[in-house]
Amino acid sequence: MLDAAQAGAPRGPIAWWRAATIACLLVIAIATATGVSMFEQFEAQIRHLQTKLQKTAQIRYIAILLDDSQAPAMLVTSDPQEGSLQIQRLNNVTEGRADSMQLWALSANGQLRSLGVLTSPGKTLRLPVAEKTLADISELAISVEDKGATTQRREPSLPYLFKGALVQKAL
């Protein structure tokens with residue numbers, strides 16, 4: 001009879017430690033699975049936000065061009081990802097049939113450079129301009145020129161219609 005009693009499941013502290021060990025192993029397994037799942041969800045959120053950020057326009061430079069009465073006339077923003085300037089008209093001034101508007105970049109040392117002709121009569125327009133072109137520019141200005149003769153000019157033929165400082169936005 002003693003042999004049969006000893007062969008049965010052990011009782012006392014050994015049984016309790018065995019049960020506690022199994023319970024702890026189950027808790028560790030559940031915590032590990034939860035941690036891995038949360039890490040995968042976190043990585044998926046980061047990928048989603050990175051994709052969303054890449055699709056969002058990043059404005060690096062901004063300028064508000066003012067008219068003679070210091071009223072806002074044009075809003076110019078630069079998107080380095082797209083390599084373009086977006087120009088938005090804020091007033092109703094338009095060029096005549098024989099005229100065109102030309103965007104000029106004025107550097108701090110006084111050099112003048114044409115950035116392009118505003119060909120769209122609409123409220124917004126995009127001009128392709130590399131970000132490095134804007135690095136040393138302090139002001140932007142728009143002049144009215146004779147249509148067709150604007151690409152050959154090195155400086156405006158008439159005074160500026162709109163002018164404003166180009167500001168680099170802190171990221």
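Two strands are counted as paired if DSSP finds at least two bridges between them. The legends below describe a predicted model.

**View 1. The eight-stranded open sheet of the predicted model**. The strand order across the sheet is S5-S4-S7-S8-S1-S2-S3-S6, with antiparallel pairing. Strand S5 (112-118) and strand S6 (124-128) are the edge strands, each pairing on one side only. From one strand to the next, the twist averages 25°. Strands of a sheet pair through backbone hydrogen bonds, either parallel or antiparallel.

**View 2. The hairpin of S4 and S5**. Strand S4 (residues 99-107) is joined to S5 by six bridges in the antiparallel sense. Met101 has Leu118 of S5 as its bridge partner. Four residues lie between the two strands, and Gly110 in the turn adopts a positive phi of about 95°.

**View 3. Strand S8 and its pairing with S7 and S1**. Strand S7 (residues 137-146) runs antiparallel to S8, and five bridges join them. Within this pairing, Ser143 is positioned opposite Tyr160 of S8. Strand S8 (residues 160-168) also pairs with strand S1 (residues 61-66), in the antiparallel sense and over four bridges. Here Leu66 has Lys163 in S8 as its bridge partner.

**View 4. The pairing of S2 with S3**. Six bridges connect strand S2 (residues 72-79) with strand S3 (residues 84-89), again in the antiparallel sense.

Note on methods
Residues are numbered from 1 along each chain as its sequence is written. This is a predicted model: local features need pLDDT of at least 70, side-chain atom pairs count only at pLDDT 80 or more; totals for chains, interfaces and linings use all residues. Side-chain values use heavy atoms; hydrogens and water are left out. Axes are lines fitted to C-alpha atoms, for helices over the stretch in contact, and angles run from 0 to 180 degrees between N-to-C directions.
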